[in-house]
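Hello,

Here is the structure I promised to pass on. Please have a look at it, and then read on for what turned up.

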Amino acid sequence: MFPSHWELLIIFLVVLLLFGAKRIPEMARGLGKGIREFRGAVKDVRDEVETAGQETTPNRIATPASGSVAREAGASPAEASPSDDPGAPPAREEARN
């Protein structure tokens, strides 16, 4: 339950008596600075996570719609790479920066 207007006024007066009129603005500045630093740290972490997510996402290679890859004439199965096999999963190339 949120305090009423009178309760907020009493809380403010108690804080004023405890800390004094000179100390309250300093505390408010410190609180504002802390909030700004926290927001900056959150933004930095968010940017770092997005950058890491983009670096680990592999580039996808488009495969033919039929799912089969044409082989060169005369190529033996031993010379064919695993990506030439129609049943093999598509090859993944890692992004290099």
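**What was found**

Arginine 23 counts as partly exposed, at 42% relative accessibility; that label covers the range between buried (under 20% relative accessible area) and exposed (over 50%), with a 1.4 Å probe and protein chains only. Its partner is glutamate 26, and the two side chains meet in a salt bridge at 3.4 Å, N to O. A salt bridge here is a side-chain nitrogen of Lys or Arg within 4 Å of a carboxyl oxygen of Asp or Glu. Glutamate 26 is partly exposed too, with a relative accessible area of 42%. Arginine 23 and glutamate 26 are separated by about one helical turn, because they sit three residues apart in helix α2 (residues 23–56).

Before I go on, a word on how to read this. The model is predicted, so local features need pLDDT of at least 70 and side-chain atom pairs count only at pLDDT 80 or more, while totals for chains, interfaces and linings use all residues. Residues are numbered from 1 along each chain as its sequence is written, and side-chain values use heavy atoms, leaving out hydrogens and water.

By the salt-bridge rule the count comes to two. The other pair is aspartate 47 with lysine 43, at 3.2 Å, N to O. Both lie in helix α2, four residues apart, about one turn of the helix. Aspartate 47 is partly exposed at 33% relative accessibility, and lysine 43 is partly exposed at 48%.

Now the chain as a whole. It has two helices and zero strands, taken as DSSP runs numbered from the N terminus (helices: H or I, at least four residues; strands: E, at least two). Of its 97 residues, buried ones make up 1%. The accessible surface comes to about 9100 Å², 61% of which belongs to carbon and sulfur atoms; areas come from the Shrake-Rupley method with a 1.4 Å probe.

Helix α1 (residues 5–19) has 15 residues and reaches 21 Å from its first C-alpha to its last, close to the 21 Å expected at 1.5 Å a residue. That expected span is 1.5 Å times one less than the number of residues. Glycine 20 follows α1, with a positive phi near 85°.

Leucine 9 lies in α1 and is partly exposed, with a relative accessible area of 40%. Together with Trp6, Phe12, Leu13 and Leu16, Leu9 makes a nonpolar surface patch of about 520 Å². Patch residues have over 30% relative accessible area and no salt bridge, with nonpolar side chains (Val, Leu, Ile, Met, Phe, Trp, Tyr) joined within 5 Å and like charges within 9 Å.

Best wishes
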